[in-house]
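Here is a short tour of the structure shown below. Keep the viewer open as you read, and we will go from a helix to some ring contacts.

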Amino acid sequence: MFYREAGDFKTSYAEDNQTFPIKFDRYRYYAVMFAAFAVVPFLINDYWVNAIFLPFLIYSIAAIGLNILVGYCGQVSLGTGGFMAVGAYACYKLMTSFPEVSIFFHVILAGGVTALVCILFGLPSLRIKGFYLAVATLAAQFFLVWLFNRVPWFYNYSASGQINSPERTVFGIAVTGPHTSAWATYLFCLVFLTACALIGRNLTRGMVGRKWMAIRDMDIAAEIIGVNPLKAKISAFGVSGFFVGISGALLFAVYLGAAEAGDSFGINKSFLVLFMIIIGGLGSIFGSFAGAAFLVLLPVLLKNVLVGVLGWPTDMAAHLEFIIVGGLIITFLILEPHGLAQLWRVAKEKLRLWPFPH
Amino acid sequence: MKLKLATLALGATMAAAPAMADLVFPSLSYRTGPFAAGGIPFADGYADYFTLLNERDGGIGGELTQVPECETAYNTEKGVECYEATKDSGALIYQPLSTGITYQLIPKVTADGIPLHTMGYGRTSAKNGKVFSHVFNYPANYWDGASAGVNHFLEKSGGSLEGKKITLLHFNGAYGREPIPTLEALSEKHGFDFNAIPIDYPGQEQKSQWLQIRRERPDFVLFWGWGVMNQVAIQEAANIRFDMENFMGIWWSGSENDVKPAGDGANGYKALQFHNVGNDYPVFDDIQKYVVDSGKAAGAGDQIGTVLYNRGVYAAFLAAEAAKQAQKANGTSAINAAMMRDAMESLEINAEIMTAAGLPNFGPEFNVTCTNHGGEGMAAVAQWDAGAASWSLISDFAPADASVVGPLIDADSAAYAAENNIEMGCN
């Protein structure tokens, strides 16, 4: 009914291999892209951008990055917060050192710097696996935050150790600093998210991604069939670090406007992004979106319902929010351990067969 | 994706702003999280004072006040969300009670034209109104606090700190690091040894820090803590029998919550204050009568007279006075954020105003000007009496060492102005 394949003929391998082989899916994707790029920018205001869209877009990038490392390559990482901090501080140093360069390039360069740092901390992954690697990356988290607190060069010797993003523009339109318009910051982050999602999706369904997945599923078997574990693991760390760095740079420069290593990029951030991909679905690009949406939007929605509509005291609402979100996470993971992406996949399968299940 | 869109659509209907009729003083409070012990009494005091004005006087100048609360949990991202959610409701002033959130909001409020009052916290160099047009930190700031603390130690050691050792035990974040430049400058001026020991968030574990203090035996310890780390530090100090006479906290480390867990061990602990302590003021009788007894209290109504409740009342009182002066200056009772900002910039708090509000001698007298958004930086020292379970001021309100603090403020604000292309105002 909803996913009719009848009449949807493929006449070449390219058509058969496309990301959305079903026509309905493909049109839905085009519709979403059209809405995101051409409709939403005209409708949003400051509240929508700052409370809902920017965190969703930015955390989606981080989730895609971590999903490549954990979900596709199987290298457990608890250092996401630290790597986001690398992106943020790299972007800050670049912004203040080269003010005349467009912020667009600074964000990409910040991703590059983070990729290098991430590779560095990924080197032990050749020797250690699983929980041991998680602990090694946890060390990266604490070391990086400590480093950014400790060395005044990173925060340009300011009195409090906070970093502030000055006004920077793309094509003459401010995307950082206080005088931004809602649509500009939204589009800026959306462009990065779209690019990251496209790159991520295409990497993971190509040879690189297959090597990652082979390493994830059984590294010895992968080595026997000719996958070089060094290259596979290091490339996963590099690509993941690149995306996570971009998200950190955007989080600091566009969304928050000011940041501090311990406060904005603490261990909580690592867990938050990890929960996003676990709930969304490991090894799925759509899952990264779904998980980010779940953990960013649900608390805001609950707060608006409980406080704004029902008029409950803020502290009771905040505590109830913990209970509801926590309870939903547990429920989801019991009912569907593979996350929201798997739920969506199952729903699609069912809809394709409906109304004639077999 | 459909689910997501549905969620967003539902969110849209939920995010609708409240009616724009009254004078709105949003409260970005935190009643949860590791700093809730400090956030709850402050938020209660802030809300109760405005409720009192509504109940007793019919609002400010005939306009009812509204205090919409938004829970931040001391988290900067939630703070930004709260600011965006409330700013279109006609918000007159923001007081987020968090240095981290203050840093995020400084550029935003300046662009939106809403004043930000960070009383005794936030960015110290915001005192320079030439650079920070919409940020106010009267009556005192951290650097005033650091200077007042050193002045007190100076007095205690007979006018000279030559060869003495002063340690700063501080929260390892923006808030705790703020006083370091001042203390370094003061150590050069007075010739004492200075070192800083950081405590990481949230600070429930301080064994290593106190081991270091035990080894180095500083003559005096200044303490910049907040939330749960305060009581841990005071307990640890009591455990190693550090002389409480020589242990002094900033005003955020000097409430009942911080000293009571240590029992008698906390006797003699000192803390700086920029307003008075105790519940011996007419306003508290009115709050009891009009707010608590009629069941309109923001919290449980059991915090009246505690240090942080008083601070919430004081914050609300300063905001209400600015609103009153704005109404007078503009000849209208329905003021907006721009009028509020102008009134804050010419705010004058004297003994008469404080007495009229039922708070005689509650804080120092001060004036705000275009170039000076921080007042005179008066601070006093309070001491805890464990036997009587009460704080009392042991000194008068005295000004900070402007010859040290002033140049630092100029330098830091000039750096901020250069980084952000801000033109100096107040010509």
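## A helix and its buried side

In this predicted model, I103(A), H106(A), V107(A), A110(A), G111(A), T114(A), A115(A), C118(A) and G122(A) are the buried residues of α5(A). An α-helix has 3.6 residues a turn, so residues three or four places apart point the same way.

Helix α5 of chain A covers residues 103-122, which makes 20 residues. From the first C-alpha to the last, α5(A) reaches 28 Å, close to the 28 Å expected at 1.5 Å a residue. What do the buried residues of α5(A) pack against? Their partners in chain A are α4 (80-97), β2 (169-170), α7 (182-204) and α10 (229-256).

For the complex, the predictor reports an ipTM of 0.84 and a pTM of 0.88. Chain B has an average pLDDT of 88, and 95% of the residues score at least 70. Residues 1-20 of chain B are another matter: there the pLDDT is below 50. That stretch still has 28 contacts in the model beyond near neighbours in sequence. Where pLDDT is low, the predicted coordinates should not be read in detail.

## Aromatic pairs

Over all chains, the structure holds 51 aromatic pairs. One of them joins F242(B) and F247(B), edge-to-face, at 6.1 Å centre to centre with 80° between the planes. Both F242(B) and F247(B) are buried.

Why does the pair of W251(B) and F274(B) count as edge-to-face? The ring centres are 5.0 Å apart and the planes stand at 85°, and edge-to-face calls for planes over 60 degrees apart. W251(B) lies in the loop between β10 (247-249) and α10 (256-259) of chain B, while F274(B) lies in the loop between β11 (270-273) and α11 (282-292) of chain B, so the pair ties together parts that are 23 residues apart in sequence. Buried or exposed? W251(B) is buried, with a relative accessible area of 0%, and F274(B) is buried with a relative accessible area of 0% as well.

This pair also belongs to a cluster: ring pairs link W251(B) and F274(B) with Y281(B), F284(B), Y309(B), Y314(B), F317(B) and F362(B).

## Charges over rings

Two further contacts bring a charged end over a ring. K93(A) has its charged end over the ring of W153(A), 4.1 Å from the ring's centre.

How values were computed:
Residues are numbered from 1 along each chain as its sequence is written. Chains are lettered from A and ligands numbered from 1 in the order in which they are written. This is a predicted model: local features need pLDDT of at least 70, side-chain atom pairs count only at pLDDT 80 or more; totals for chains, interfaces and linings use all residues. Side-chain values use heavy atoms; hydrogens and water are left out. Helices (H or I, at least four residues) and strands (E, at least two) are DSSP runs, numbered from the N terminus. The expected span of a helix is 1.5 Å times one less than its number of residues. Buried means under 20% relative accessible area, exposed over 50%, partly exposed in between (1.4 Å probe, protein chains only). Contact means heavy atoms within 4.5 Å. pLDDT is the predictor's confidence in each residue, from 0 to 100. Rings of Phe, Tyr and Trp (its six-membered ring) pair if their centres lie within 6.5 Å; planes under 30 degrees apart count as stacked, over 60 as edge-to-face and the rest as tilted. A charge sits over a ring if NZ of Lys or CZ of Arg is within 6 Å of the ring centre and within 35 degrees of the ring normal.
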